[in-house]
Amino acid sequence: MADLFIEINRFALPALGVLVVVLCTVCLLRRGKTKPPEVYLLNAVNHDKHPLPRFENSIGRRHNCDVVLNYPSVSRLHAVIARRREGWVLMDTGSQYGTKLDGLPVKDRAPLSHGQCITFGGSEFIFCDPEEERLTLKY
């Protein structure tokens, strides 16, 4: 009985190891297929483009934010722009001077669409989503 157990394990354990390696490789290959978003913030004054490289982007003065805005009215971690199932949303993170969307203060979260004006403190930016722009121009 013990010999049978040893013989089964001699083949089962290496097969299990190969299965784990194959599944990990498949997961890694699938992960690379997700395309990063192509949206960006356009500075309303000097027309600088600030790409939003991730599905969740931190915005503020801190050097490790995804979008760094060096303006005195912008908090260190001012806001977050994130991609959700329903589309892009803007969230204020309790900033000192607040975040506005088309002139209205953002308290919790606000849905974003192409061409809307976002104010971080006293700095104005336009949210640009080329995919949404193509869809609206198409129809």
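**Exercise 1. Find which residues L112 contacts, leaving aside its neighbours within four places in sequence.**

Solution. Contact means heavy atoms within 4.5 Å. Leaving aside neighbours within four places in sequence, L112 touches I81, W88, V89, L90, L101, I118 and F127.

Before going on, note the ground rules. This is a predicted model, where local features need pLDDT of at least 70, side-chain atom pairs count only at pLDDT 80 or more, and totals for chains, interfaces and linings use all residues. Residues are numbered from 1 along each chain as its sequence is written, and side-chain values use heavy atoms, with hydrogens and water left out.

**Exercise 2. Describe the largest nonpolar core.**

Solution. Start with the term. A nonpolar core is a set of buried Ala, Val, Leu, Ile, Met, Phe, Trp, Tyr and Cys residues joined through side-chain atoms within 4.5 Å. Buried means under 20% relative accessible area; exposed means over 50%, and partly exposed lies in between (1.4 Å probe, protein chains only). The largest core has 19 residues. Those with the most contacts inside it are L41, I81, L90, L112, I118, F120 and F127. Next, the strands. Strand 5 (79-84), strand 6 (87-92), strand 10 (117-120) and strand 11 (123-128) each supply at least two residues of this core. In soluble globular proteins, nonpolar side chains tend to be buried together.

**Exercise 3. List the elements of the chain in order from the N terminus.**

Solution. Helices (H or I, at least four residues) and strands (E, at least two) are DSSP runs, numbered from the N terminus. The chain has 2 helices and 11 strands. Their order is α-β-β-β-β-β-β-β-β-β-β-β-α.

**Exercise 4. Work out which strands stand at the edges of the open sheet of 6 strands.**

Solution. Two strands pair if DSSP finds at least two bridges between them. The strand order is 2-1-11-10-7-8, with antiparallel pairing. Strand 2 and strand 8 (104-105) stand at the edges, because each has a single partner strand. One side of each is therefore left without a neighbour in the sheet. Now zoom in. Strand 1 (residues 40-43) pairs with strand 2 in the antiparallel sense over 3 bridges. Y40 stands opposite P51 in strand 2.

**Exercise 5. Decide whether H50, S58 and S75 are buried or exposed, and place each one.**

Solution. Take H50, in strand 2 (residues 49-51). H50 has a relative accessible area of 18%, so H50 is buried. Beyond its neighbours within four places in sequence, H50 contacts Y40, L41, V67, V68, L69 and F125.

Take S58, in strand 3 (residues 56-60). S58 counts as buried because its relative accessibility is 17%.

Take S75, in the loop between strand 4 (67-68) and strand 5. S75 is buried, because its relative accessible area is 14%. Leaving aside neighbours within four places in sequence, S75 contacts G60, R61, S95 and Q96.

**Exercise 6. Classify L19 as buried, partly exposed or exposed.**

Solution. L19 is found in helix 1 (residues 2-31). Its relative accessibility is 46%, so L19 counts as partly exposed.
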